[in-house]
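Hello,

Here is the structure we spoke about. Please open it first, then read the notes below.

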Amino acid sequence: MEVADKAVGLLLTITSLSIFTYYTFWVIILPFVDRDHFVHNYFLPQEYAILIPVFAGVALLSFLSMFVGYVMLKSKKKKKA
């Protein structure tokens, strides 16, 4: 199991570093590159650089709130029984 855990950890690290590098290049460096440069073909429009993290944050907070509410309701039912 130890080898599988290391493989999953390596995969998650590579994935997160790739996303971080892509997003950093997209948000910080790409605005300074000419619009007609070929590198713009590999990135979404700039509006999505804000919309995607905002949507992900709202979804995360929603699921976290639902989970906390579910746990609170479940613990309340245990106290009654």
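**The loop and H40**

At 16% relative accessibility, H40 is buried, because the cut-off for buried is under 20%. This is a predicted model, so please read every value here as computed from it. H40 sits in the loop between α1 and α2. What does H40 touch, leaving out residues up to four places away in sequence? The list is L30, V33, D34 and R35. With V33 there is also a polar approach: a polar atom of the H40 side chain lies 3.3 Å from the backbone oxygen of V33.

**The two annotated spans**

UniProt, in an unreviewed entry, places the feature "transmembrane region" at residues 7-29 and 49-73. The model can be set beside that record. Residues 7-29 are 100% helix and 0% strand. The end C-alpha atoms of that span are 32 Å apart. Residues 49-73 are also 100% helix, with 0% strand. Here the end C-alpha atoms lie 37 Å apart.

**The aromatic residues**

The structure holds five aromatic pairs. Take Y22 and W26 to begin with. Their ring centres are 6.0 Å apart and their planes stand at 50 degrees, so the pair is tilted. Y22 and W26 are four residues apart in helix α1 (residues 2-29), which means about one helical turn separates them. Are these two residues buried or exposed? Y22 is partly exposed, with a relative accessible area of 35%. W26 is buried, at 3% relative accessibility.

Y22 has another partner, F43. The ring centres of Y22 and F43 are 4.7 Å apart, with the planes at 25 degrees, so this pair is stacked. Y22 lies in helix α1, while F43 lies in the loop between α1 and α2 (48-80). The pair therefore ties together parts that are 21 residues apart in sequence.

F43 is worth a click of its own. F43 is buried, at 14% relative accessibility. Leaving out residues up to four places away in sequence, F43 touches Y22, F25, W26 and L30. Which residues form the aromatic cluster? They are Y22, Y23, F25, W26 and F43.

**The nonpolar core**

The largest nonpolar core has five residues in all: W26, L30, V39, F43 and A49. L30 is also among the residues that H40 touches.

**The salt bridge**

How many salt bridges does a search of the whole structure find? It finds one. K6 pairs with E2, and the closest N and O atoms are 3.8 Å apart. K6 and E2 are four residues apart in helix α1, so about one helical turn lies between them. K6 is exposed, with a relative accessible area of 58%. E2 is exposed too, with a relative accessible area of 59%.

**One last residue**

A56 is in helix α2. At 42% relative accessibility, A56 is partly exposed. How far apart are A56 and N41 in sequence and in space? They are 15 residues apart in sequence and 24 Å apart in space, C-alpha to C-alpha.

Best wishes

Note on methods:
Residues numbered from 1 in each chain as written. Predicted model: local features only at pLDDT ≥ 70, side-chain atom pairs only at ≥ 80, totals over all residues. Heavy atoms only, no water. UniProt positions renumbered as here; feature names shortened; annotations may be inferred. Helix = DSSP H or I, 4+ residues; strand = E, 2+ residues; numbered from the N terminus. Phe/Tyr/Trp six-rings, centres within 6.5 Å; stacked < 30°, edge-to-face > 60°. Buried < 20%, exposed > 50% of the residue type's maximum accessible area, 1.4 Å probe, protein only. Polar contact = N/O pair within 3.5 Å; in protein donor to acceptor, adjacent residues only side chain to side chain. Contact = heavy atoms within 4.5 Å. Salt bridge = Lys/Arg side-chain N within 4 Å of Asp/Glu carboxyl O. Core = buried A, V, L, I, M, F, W, Y, C linked by side-chain atoms within 4.5 Å.
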